[in-house]
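Here is a short briefing for a reader who is meeting this structure for the first time.

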Amino acid sequence: MNETRRVLIAADKFKGSLTAVQVAERVTAGLRRVAPDLTVEALPVADGGDGTVDAAVAAGFERREVRVAGPLGQEVTAAFALRGGTAVVEMAEASGLQRLPAGVFAPLTASTYGSGELLRAALDAGARTIVFGVGGSATTDGGAGMLAALGARFLNEDGEPVSPGGGGLADLARADLSGLDARLSSVELVLASDVDNPLTGPKGAPAVYGPQKGASPDDVDTLDAALAHFAKVLEAEVGPRAAQYAASPGAGAAGGIGYGALLLGARFRPGIEVMLDVLGFAPALERASLVITGEGSLDEQTLHGKAPAGVAAAARSAGRTVVAVCGRLALSPEALRGAGIGRAYPLTSVEPDVAKCIADAGPILERVAAQIAEDYLG
């Protein structure tokens, strides 16, 4: 047993069961069953996808709410986070799959217009730096809706606006970006994502992520052609960089909204790296001896830019011990160690019934955390 007495909990959500804030609360409660006087610091994290605003608010940002268009045009209440001159905007708040009615998908018509309205609200609030977290989208429109909300115009042969969504871009004849909000040129816009796909092609947004949003094989082909056409028309407006951005890492993030953000001058960075900076992870890490990270499923995807991998890499660089909690573990001990995680504690280690783990994730996670305390804090 070692003498570790200060723990940093920097875990993501258990999707469908617990928010990142709830994960931190349950782990804290479990640790203190065994070590009542333990000093615990909680820093819920996110990688740019859904839960990013909540993580920022938990770290001390102010939650701001605004009415914007949802992916189907219906009005929704969406939030962004603000502290000083920095705003954290999460596209899923406006244009995410959770904004669709249950069982409803709209791969050809869902729009990112509301995400553009969220960015505009951040500008109105005085933000000078905007961290734009993208992921969990219902959309595949290349960010056209977002750009339209910020003043761009996308017109068909008759000079009328094209229909919302990626499908409507097939009718695009002319793009006019001259009306874009002038404030964008003086703001630092950071595109935060764990997705480095290009806009189109076999690894592009429609092919890789379209099926998750209800796109049939024919829809995928339609969307891929429409987004390629979108980039081609934009070349006439902005020159060769339109094609360069389409091929850039991150362009395909969140149904291609990454492409629209790059057109606005955004700088692409891995979402977890950006969020660790914004949330103040480095000073919290300095204060800790043991770091507990995690997410719902620790699997191959975790190793490619997800929050636990980012937390573990930073903690390992600082010489800290890292363990992980999760609902499901699908990584070998070797893979975990390669990522900087000394040991993982899945909920299934104390409750083999997966359905019970999902339904009773909170109490089971407390039991798991108590085991961590026995192993590391005794």
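**Briefing on selected features**

Val66 lies in strand S3, which covers residues 62-69. The model is a predicted one, and the points below are grouped by topic.

**Val66 and its surroundings**

- Val66 counts as partly exposed because its relative accessibility is 21%, where buried would require under 20%.
- Once its neighbours within four places in sequence are left aside, Val66 is in contact with Val76, Thr77, Ala78, Leu118 and Ala121.
- Between Val66 and Val350 there are 42 Å in space, C-alpha to C-alpha, and the two are 284 residues apart in sequence.

**Helix H7**

- Helix H7 (residues 217-238) has 22 residues, and from its first C-alpha to its last it reaches 31 Å, close to the 32 Å expected at 1.5 Å a residue.
- Among the buried residues of H7 are Val220, Leu223, Leu227, Phe230 and Leu234, and Asp219 is also one of them.
- The elements that cover these buried residues include helix H5 (144-149), strand S7 (153-155), helix H8 (241-246) and helix H9 (253-263).
- After H7 comes Gly239, which has a positive phi, near 90°.

**Helices H1 and H15**

- The axes of helix H1 (residues 20-34) and helix H15 (residues 361-376) come within 7 Å and cross at roughly 45°, and the two helices are therefore oblique to each other.
- The crossing in which H1 passes H15 is right-handed.
- Residues making this contact include Val23, Val27 and Leu31 of H1, together with Leu365, Ala369 and Ile372 of H15.
- The residues of the contact of H1 with H15 comprise 11 nonpolar, 2 polar and 5 charged.

Key. Residues are numbered from 1 along each chain as its sequence is written. This is a predicted model: local features need pLDDT of at least 70, side-chain atom pairs count only at pLDDT 80 or more; totals for chains, interfaces and linings use all residues. Side-chain values use heavy atoms; hydrogens and water are left out. Helices (H or I, at least four residues) and strands (E, at least two) are DSSP runs, numbered from the N terminus. Buried means under 20% relative accessible area, exposed over 50%, partly exposed in between (1.4 Å probe, protein chains only). Contact means heavy atoms within 4.5 Å. The expected span of a helix is 1.5 Å times one less than its number of residues. Axes are lines fitted to C-alpha atoms, for helices over the stretch in contact, and angles run from 0 to 180 degrees between N-to-C directions. Angles under 35 degrees count as roughly parallel, over 145 as roughly antiparallel, 65 to 115 as roughly perpendicular and the rest as oblique. A crossing is left-handed if the near helix is turned anticlockwise from the far one by less than a right angle, and right-handed if clockwise. Ala, Val, Leu, Ile, Met, Phe, Trp, Tyr, Cys and Pro count as nonpolar, Asp, Glu, Lys and Arg as charged, and the others, Gly among them, as polar.
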